[in-house]
Amino acid sequence: MEGAALWQGATLCGILTWILMASYLNLTPKLRSLLQPCVSHHVITGTPLILQIQNYQHRFLDAFFSALSCVVSVPFYTAFLPLLFWSGHGKLARQMTLLMAFCDYLGNCIKDVISAPRPSCPPVRRITATRDEEDNALEYGLPSSHTLNTVCLSGYLLHYILSYAQNEDSYVTFAGIALVCLLVGLIGLGRIYLGMHSPVDIIGGLTVGLLILSFWHSVHEYVDRFVVAGENVTTFWATLSFILLFAYPTPEFPTPSFEYHTAFNGVALGIVSGVQQTYNQFHHEAVPRIFTSQLTAPCFIGRMLVGIPTILLVKFCSKALAKWILPVVANILGIPIKSTTYIPTLYGSSNGKKSDGLKQSGYLQKLYFFSGQDSFDVDTGIRFIQYAGLAWSVVDLVPSLFSQLSL
């Protein structure tokens with residue numbers, strides 16, 4: 001117990017020290033001044049290659065690459081991961097969730113530190129077939145999140161499948177690696193074809209993705225053992241999640257990247273706290289798995305019919321509860337707040353001045369007690385609680401319903 005408290009305290013103190021030092025040294029602008037000109041130069045020099053690829057414009061390619069981008073997007077993974085939990089592959093689901101949160105945090109931090117532009121449109125033709133793609137286009141370019149996430153998640157999925165099947169056939173392994181490489185290549189090519197990224201963004205996403213995947217392969221077993229059987233898990237992770245809301249760089253101009261980080265930060269907390277509490281009941285290795293006699297396809301469909309409406313209801317209720325509670329708590333504590341999206345009555349700062357619309361502040365500047373901010377954006381807390389509640393329901397509330405309904 002003492003050993004666990006020691007390393008957990010050291011970890012949290014280390015992150016807090018980093019926040020203080022980065023803020024004091026004004027680290028983000030200094031790094032940006034070094035990196036942004038070089039990356040921007042490569043974005044500009046990569047434009048002729050983008051235009052050359054877009055010379056092969058065709059409606060089929062537009063639809064194919066747009067659909068492929070949707071399949072590896074954050075909303076797709078958000079919808080897919082609950083089904084993975086309910087299929088009985090709990091270890092894979094929680095590892096991919098935490099890996100996704102890690103990728104999202106690190107990738108978006110790099111984006112907002114460098115603040116490098118996407119390819120200029122025009123002359124590049126940009127195709128945004130969905131609302132999600134329109135939001136993605138508002139982010140900075142390097143690294144490509146689609147490429148980064150595809151490398152990490154498809155690579156880890158391949159590792160899990162080969163380990164789970166205990167496959168020793170080199171041909172099967174080679175075929176799996178080839179399939180992953182093909183998918184990553186198509187994603188990278190598609191992001192360039194759609195005008196969403198320049199070649200340097202794809203190379204950056206590939207490089208960062210391989211580094212994260214290599215790191216995750218070395219620590220994933222330790223992380224999983226801590227989540228399912230560690231000490232002070234929920235307390236530590238809740239504190240870590242709160243601190244990570246502040247350990248985020250200020251971009252040159254506001255982007256949706258911090259919103260994505262906040263959402264997945266909440267998801268990670270909800271998954272970890274829920275699994276840690278109910279591992280022995282619903283998430284151990286002996287639970288029924290899909291396509292077995294204990295969990296048939298019709299039974300799994302029943303799980304989806306019960307589970308999906310439930311988590312959507314919890315998401316709605318969590319948001320409504322947070323919108324009511326957080327302003328009250330802030331008022332009691334005397335913390336001025338504003339809302340840029342969720343609470344119309346709080347649009348603009350609390351002193352009556354019009355809000356600047358920023359959803360992000362960097363490092364220590366996020367912390368009101370140590371900064372000169374007029375007010376906090378309460379939307380960050382609402383979003384965090386909303387997604388934490390949704391994730392908790394996936395691994396705790398919904399499996400309890402399955403148990404009661406014999407699903």
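How far apart are the end C-alpha atoms of α13, and what span should its 37 residues have? The end C-alpha atoms of α13 are 51 Å apart, which agrees with the 54 Å that 37 residues should span at 1.5 Å a residue; the expected span of a helix is taken as 1.5 Å times one less than its number of residues. The structure is a predicted model, in which local features need pLDDT of at least 70 and side-chain atom pairs count only at pLDDT 80 or more, while totals for chains, interfaces and linings use all residues. Residues are numbered from 1 along each chain as its sequence is written, and side-chain values use heavy atoms, with hydrogens and water left out. Helices (H or I, at least four residues) and strands (E, at least two) are DSSP runs, numbered from the N terminus.

Helix α13 comprises residues 297-333. Its buried residues (under 20% relative accessible area, with exposed meaning over 50% and partly exposed in between, for a 1.4 Å probe and protein chains only) are Cys299, Phe300, Gly302, Arg303, Gly307, Thr310, Ile311, Val314, Ser318, Ala322, Pro327 and Ala330. These buried residues pack against α5 (74-86), β1 (337-338) and α14 (379-404). Just after α13, Gly334 adopts a positive phi of about 75°.

Lys315 also belongs to helix α13 and is partly exposed, at a relative accessible area of 24%. Apart from neighbours within four places in sequence, Lys315 is in contact (heavy atoms within 4.5 Å) with Gln386, Tyr387 and Leu390. The C-alpha atoms of Lys315 and Ala391 are 8.7 Å apart in space, although the two residues are separated by 76 residues in sequence.

A nonpolar surface patch of about 710 Å² is formed by Leu321, Trp324, Ile325, Val328, Val329, Ile332 and Leu333. Patches are made of residues with over 30% relative accessible area and no salt bridge; like charges are joined within 9 Å, and nonpolar side chains (Val, Leu, Ile, Met, Phe, Trp, Tyr) within 5 Å. The accessible areas come from the Shrake-Rupley method with a 1.4 Å probe, and for residues only the protein chains shown count as cover. Trp324, one of the patch residues, is located in helix α13 and is exposed, with a relative accessible area of 60%.

The 24 residues of helix α9 (residues 170-193) should span 34 Å at 1.5 Å a residue, and the end C-alpha atoms of α9 are 34 Å apart, in agreement. Gly176, Val180, Val184, Ile187, Gly188, Gly190, Arg191, Ile192 and Tyr193 are the buried residues of this helix. The elements covering them include α3 (47-54), α4 (59-71), α7 (131-136), α8 (145-164) and α10 (199-229).

Six salt bridges are present in the structure, a salt bridge being a side-chain nitrogen of Lys or Arg within 4 Å of a carboxyl oxygen of Asp or Glu. Glu133 lies in helix α7 and Arg191 in helix α9, so the pair ties together parts that are 58 residues apart in sequence. Glu133 is buried at 4% relative accessible area, and Arg191 is buried at 1%.

In another salt bridge, the closest N and O atoms of Asp224 and Arg94 are 2.5 Å apart. Because Asp224 is in helix α10 and Arg94 in helix α6, this pair ties together parts 130 residues apart in sequence. Asp224 is buried, with a relative accessible area of 7%, and Arg94 likewise counts as buried, at 2%.

Arg125 and Asp62 form a further salt bridge through their side chains (3.2 Å, N to O). Distant parts of the chain are linked by this pair, with Arg125 in the loop between α6 (90-114) and α7 and Asp62 in helix α4, 63 residues apart. Arg125 is partly exposed, with a relative accessible area of 24%, whereas Asp62 counts as buried at 16%.

With a disulfide taken as a pair of cysteine sulfur atoms within 2.5 Å, the count comes to zero disulfides. Cys152 is in no disulfide, the nearest cysteine sulfur, that of Cys103, being 3.4 Å away. Cys152 is buried, with a relative accessible area of 0%, while Cys38 counts as partly exposed at 43% relative accessibility.
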